[in-house]
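Let us read a protein chain together, taking one question at a time.

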Amino acid sequence: MKHSRTAVNTERKRLFRETAREILLTAKVKRQFGEAVDAAGAVARAMEQAYQLGFDDALNQATGSPPSTADPSEGVPIEPPDDAMEWTRIPPRTRGTFWSICLAALGRERRTATPSYLQLILKPGGTVAWQLVVPDRSTYDKTVGDGTIVTLLRLGLLQHAPTEDPQVTLTDYGIRTWNRFLERGGQYPEDLVEKL
């Protein structure tokens with residue numbers, strides 16, 4: 001007898017991957033700071049949550065109940081897509097760089113604008129990179145690769161500035177995304193890992 005497999009829930013798969021990344025990153029950061037690490041406990045909790053979600057789905061399918069429209073990781077309804085991007089929808093490596101840009105350009109004061117921008121520079125060998133310039137006109141030593149900037153532009157978090165020199169700036173959508181991240185606590189583990 002052949003069992004029919006249910007279609008893969010892409011949102012749930014994304015949530016599981018995000019949970020796995022968070023467990024690994026938290027363990028890494030705790031080790032860096034000499035704290036006790038309970039990765040096995042975090043994995044067990046995540047597996048229990050995944051089991052419960054699957055069990056609830058199976059019950060809903062048996063009773064014909066519609067699936068929940070809320071994101072189980074947040075416990076709140078999903079916001080309209082035009083308001084701000086859900087933090088976990090930003091690809092992980094790009095997210096780390098976006099976090100660094102926003103922290104340097106906006107800080108934690110929930111500003112709605114910033115004079116900061118990223119300027120195009122050519123590295124030795126002709127590689128394109130971008131360097132962050134903050135309000136006091138100082139630049140950061142570390143640079144951002146062009147691929148990351150292209151991704152942030154495609155997501156609508158950055159935009160090309162209307163200047164003669166090639167520059168990109170945060171969009172209103174990007175600023176709202178950062179502020180939403182801060183409103184929801186946006187702290188650990190991102191704040192302990194050096195990015196950019």
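**Reading the predicted model**

Q: Which residues does Gln167 touch, not counting residues up to four places away in sequence?
A: The model is a predicted one, and Gln167 is found in its strand S5. Not counting residues up to four places away in sequence, the residues that Gln167 touches are Tyr117, Leu118, Gln119, Trp130, Gln159, His160 and Ala161.

Q: Is Gln167 buried or exposed?
A: A residue counts as buried when its relative accessible area is under 20%. The relative accessible area of Gln167, a residue of strand S5, is 12%. Gln167 is therefore buried.

Q: What percentage of contacts in the chain between residues at least 6 apart in sequence join residues at least 24 apart?
A: A contact here means heavy atoms within 4.5 Å. Taking the contacts between residues at least 6 apart in sequence, the share that joins residues at least 24 apart is 54%.

Q: Is the pair of Trp87 and Phe181 stacked or edge-to-face?
A: Two rings pair if their centres lie within 6.5 Å, and planes under 30 degrees apart count as stacked; by this rule the count comes to four aromatic pairs. For Trp87 and Phe181, the ring centres are 3.9 Å apart and the planes stand at 20 degrees, so the pair is stacked.

Q: How many residues apart in sequence are the parts that the pair of Trp87 and Phe181 ties together?
A: Trp87 lies in the loop between helix H2 (39-63) and helix H3 (92-106), whereas Phe181 lies in helix H5 (residues 172-183). Trp87 is buried at 11% relative accessibility, and Phe181 is buried with a relative accessible area of 9%. Because of where the two residues lie, their pair ties together parts whose separation in sequence is 94 residues.

Q: Is the pair of Trp178 and Phe181 stacked or tilted?
A: Trp178, which is buried at 0% relative accessibility, is three residues from Phe181 in helix H5, so about one helical turn separates them. Their ring centres are 5.5 Å apart and their planes stand at 35 degrees, so the pair is tilted.

Q: Which residues form one aromatic cluster?
A: Trp87 and Phe181 form a stacked pair, and Trp178 and Phe181 form a tilted one. The aromatic cluster is formed by Trp87, Phe98, Trp178 and Phe181.

Q: Is H3 roughly parallel or roughly perpendicular to H5?
A: Phe98, Trp99, Cys102, Leu103 and Leu106 in H3 meet Gly174, Ile175, Thr177, Trp178 and Phe181 in H5. The residues of this contact divide into eight nonpolar, two polar and no charged. The two helices pack at an angle of about 90 degrees, with their axes 11 Å apart. That angle makes the arrangement of H3 and H5 roughly perpendicular.

Q: How many nonpolar, polar and charged residues are in the contact of H3 with H4?
A: H3 and H4 pack at an angle of about 85 degrees, with their axes 10 Å apart, which means that H3 is roughly perpendicular to H4. Thr94, Thr97, Phe98 and Ile101 in H3 meet Thr148, Thr151 and Leu152 in H4. Sorted by kind, the residues of this contact are three nonpolar, four polar and no charged.

Q: Within what arc do the buried residues of H4 fall, seen down its axis?
A: In helix H4 (residues 146-154), Ile149, Thr151 and Leu152 are buried. Because they line one face of the helix, seen down its axis, they fall within an arc of 160 degrees.

Q: Is Arg110 buried or partly exposed?
A: Arg110, in the loop between H3 and S1, has a phi near 60 degrees, a positive value in a residue other than glycine. Buried means under 20% relative accessible area and exposed means over 50%, with partly exposed in between. The relative accessible area of Arg110 is 42%, so this residue is partly exposed.

Conventions:
Residues numbered from 1 in each chain as written. Predicted model: local features only at pLDDT ≥ 70, side-chain atom pairs only at ≥ 80, totals over all residues. Heavy atoms only, no water. Phe/Tyr/Trp six-rings, centres within 6.5 Å; stacked < 30°, edge-to-face > 60°. Helix = DSSP H or I, 4+ residues; strand = E, 2+ residues; numbered from the N terminus. Buried < 20%, exposed > 50% of the residue type's maximum accessible area, 1.4 Å probe, protein only. Arc of directions from axis to C-beta. Axes fitted to C-alpha atoms, helices over the stretch in contact; angles between N-to-C directions. Parallel < 35°, antiparallel > 145°, perpendicular 65-115°, else oblique. Nonpolar A, V, L, I, M, F, W, Y, C, P; charged D, E, K, R; others polar.
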